[in-house]
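Please have the sequence and the model at hand while reading this report.

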Amino acid sequence: MASSILVRRPAAPAAPAAPGTPAVARPAWWAVPLSAEAVLVLALGAVALVAHGLNMFNYPSLGRFDDEGIYMAQAWAVLRQGQLAPYTYFYDHAPGGWILIATWMGLTGGPHTFGSALDGGRLLMLLLHLAMVPLLYRIARKLGCPPPAAALVVLLFSVSPLSVFYQRLVLLDNIMLFWILLSLDLVLDGWGRLSRVVLSGLCFGVALLTKETALFLSPAVVFMAVQQRREHQGRFGLSAWLLSVSLVASFYPLYALLKEELLPAGSSLAFLIFNYNLKGEGASLIEALQWQSTRKGGGMLNLNNEFWQLVRGTWLGQDAVLFAGGALAVLANLIRGVVARLRGGRDRRALAAGLLGAMPLLYLARGGIVFDFYVLAALPFLCLNLGVLVSPLLSRPRAVVSGTIAALAGLALVGHYWTSGALQPLYTAHPAAAPRTALSWVKEHLPLDSRIVTFDATWVDLHEPGAGGRFFPDAHPHWKVALDPAIRGGVFKEDWRTVDYVLMTANLPQAFQDSGNTIVLEALRNASLVKRWEADGDAVELWKVNKPGTTEGALLAAGTAHIAERFERGGALVRPDGTVASESQAYAMLRAVWSDDRAAFDQVWGWTQRSLVNRKGLLSWLWRDGVVVDTHAASDADTDAALALLLAGRRWNDPELLAAGRRLVQAIWEHEVITVRGKPYITAGDWVQETPVVALNPSYFSPYAYRVFQDVDPQHDWWGVVNSGYEVLFAASSATLGAERSAGLPPDWVGLDRATGQLVPLRLDSSDTVRYGYDAARTYWRVALDLRWTADGRASAYLSQAGFLRDEVRREGQVSAVYGRDGTVIERPPSVVGHAGALAALLTLDPPAAHALYANHFVGRAVVSCPAGQPAARCAYRPAGAATGGAGSAVAGTAGTAGAEGRQAVWANPDDLYAQDWAWFATALYADALANLWQAPAP
């Protein structure tokens, strides 16, 4: 006699009405009242929607699991590239799962329809869970659970912290579970239709193509297929099921065979006979399956293997009720089923449920590699076993009583989870805010051609244009850099210096070690932190490798774009108060010549020549509303303008610019250089010639320029100006100048006594002239440039004495804007020019500190954006020409990006022209982009 089925076939329908009986109109579907069970299932779906949907985009964090990002990247490759993976596909898993994700993205408008790419993937996981609610309920009912017990099964599956945490994640396991439950629901159909058997097999085949671990559930499903179908189709039903499974699953090896990737490359039968890959290259399905099956994680009986570690350290802590209780229920149901069989019973539903729960547990405990989310394969079946176990208790009372008991049990369960603290983080914490903010900043601020090593959760968002059309084709996941020869050698050339940035989560350094990722490890040893984002225990860091590269060229171009758009008016650099200072004009001329922007140079010099050049041949210091309001000159502006003219004449082979530069040099000597006790000194300007105490500004001292001036004005002793200037720097920095002690910093101003040749405090507008402030910081930049151009030992020695700034940076991570003579802080908030000076000094004195200062305060504090009204998709952010290497190349051609289509970079107050100028000069110094064009060969 045939064995009993698990689900009995419903009774035959009533006989048709006798002829002549009036027909009763069938009501429309919306008019049919829902049954009590249908209402119950809808209520359970609502609970699942809230439990899984609330805060699902914020918890868990987007960088918690690499697998989420990996599968989204592979789905993106299917959608955008028509291939199974964005890199070489090596058969790590079958592609059914991410093909479904790609289909979902295509149907919903792309990866960014719902926010980040992972947000769209998580929404799909929510929909799959909602679809599993009625499926699991139906399976529980078909395995003998009364409605209250079946409801408890679904409720536990929906509100368990284990289930909510892992089922929110974009994982193949969640997609596989949907197909498994659908297959079970079909195979347990009580009508005995062969079509249901075939559909069940097809669904199970799709589950296998989603994740091969579905294979471990096949014994339980086969058992149910045998028990359920023998009455109707005999052995033919099982054969139909197996054939359907094989038909779908065979597509995967057939795909590999057609691509000649079934066997290891070049191995053919040698691999099958000798288990040997002759060439050791190329992807292979057989080889991948062998690798997966031999990954070690400790033997099954080893209580310290990965499974038992996760049981003790993770799963029991997240939900002991479900995991421990479910495991005990599995054991109890297996015993019930075996005992019932031995006693000749025909009801094998407990045995079927026990097998469904036992198979994934045996798979997890097998002794191989186990990750914490692998528990997903067991969760619905642990819930199911608990329901089957308590079914006898809920079947005996009346429906009202059993329903009340189940409702109270469900409330107690939810209350336990909430009071234990297991549920609160799922709904109140927002750790995903850290990677979201980091990703937004990276997409907004980094050049598009940056080479970024990142974590997988960001991959699609960095490669998909998204908002503004910005994407990073050279962003690669860290494990590809470690393990993929095409990326490690082909892209990064086995050299950490090819990396620009590392975007990483807190747990990645250990992953770098485990994977032997020497490129990233070495890059991090030579990198500085740009920014760190933290949120609810999660942290993301952006590190910049300590080298000039594409970032510097892009920042210089973007800084130029902002200055031009915000301040430049027909060649005049107009400040918000309507004034034009000679120093701003000179800075613009230097910026233009170093950027090889002839048009910008001519415009600025043309306005300056017409509006500022006075009768002495110098530049009047201040202009407002069409007239000069201060005719006196400042020697720093005159020196910078003269140098710019000479460099421009040499660069563009223009005799007129060279001649203008010579005239300005001679005017500087005549009106701004004095001789005291036989030594020539550069003064603060033409206004100090007749004073008994000569006003000197150490930050005006430009030794690199005076060396050029000596070439074009050999009849004057410009070498003497270099020598006296260095003497003043060393003396002024060490002198107390009326204070109790000196911190070794140069003063903003200092006086030179004509009679004695000694340095004295300068009385100037009753201000503190001996402090280190907005003027003095420029001193280090000018000396550093002299060191770059001439390697003068005095420059190196002076920069090496900036120990006070080094200590400030090491202690505070920054320098304050203004210090007193003794080093006390006068203005604590930092200034851009203060950091420019510290950067210049530390590049010689303490390069690691300089790199850290630059990464944090010049890269990390830059605000990069499109000009007002400019579409982001047309707003470029890269050096024009994208060429790096060679003198001046980091800024070459920046004029091309300074127009309407160039992104703009701003530091500190966007209306502070002085800050923008010195951010640009500091960045250019760091990039070694201030070429000595006077010594360079003529073009």
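The sections below begin with the basis of the values and then take up selected elements in turn.

## Basis of the description

This is a predicted model, in which local features need pLDDT of at least 70 and side-chain atom pairs count only at pLDDT 80 or more, while totals for chains, interfaces and linings use all residues. Residues are numbered from 1 along each chain as its sequence is written, and side-chain values use heavy atoms, with hydrogens and water left out.

Helices (H or I, at least four residues) and strands (E, at least two) are DSSP runs numbered from the N terminus, and two strands are said to pair if DSSP finds at least two bridges between them.

## The five-stranded sheet

Five strands make up an open sheet of mixed pairing, in the order E2-E1-E3-E5-E4. Strand E2 (475–477) and strand E4 (527–535) lie at the edges with a single partner strand each, so one side of each has no neighbour in the sheet. On average, and with direction ignored, neighbouring strands of this sheet are turned by 20° against each other; axes here are lines fitted to C-alpha atoms, for helices over the stretch in contact, and angles run from 0 to 180 degrees between N-to-C directions.

Within this sheet, strand E3 (residues 501–505) pairs with strand E5 (residues 538–545) in the antiparallel sense over five bridges, and Tyr 501 stands opposite Lys 544 in E5. Helix H19 (residues 433–445) packs on the sheet, where it touches strand E1 (452–454), E3, E4 and E5, and its direction makes about 135° with that of E4; contact means heavy atoms within 4.5 Å.

## Helices H2 and H3

Helix H2 (residues 66–81) packs against helix H3 (residues 96–108) at an angle of about 65°, and their axes are 8 Å apart. From H2, the residues Tyr 71, Met 72, Gln 74, Ala 75, Trp 76, Val 78 and Leu 79 meet Trp 98, Ile 99, Ile 101, Ala 102, Met 105 and Gly 106 of H3.

## Ser 620

Ser 620 is located in strand E9 (residues 620–624). Its relative accessibility is 3%, and Ser 620 therefore counts as buried (under 20% relative accessible area, with exposed meaning over 50% and partly exposed in between, for a 1.4 Å probe and protein chains only). Leaving aside residues up to four places away in sequence, Ser 620 touches Ser 582, Leu 612, Asn 614, Val 628, Asp 630, Thr 631 and His 632.
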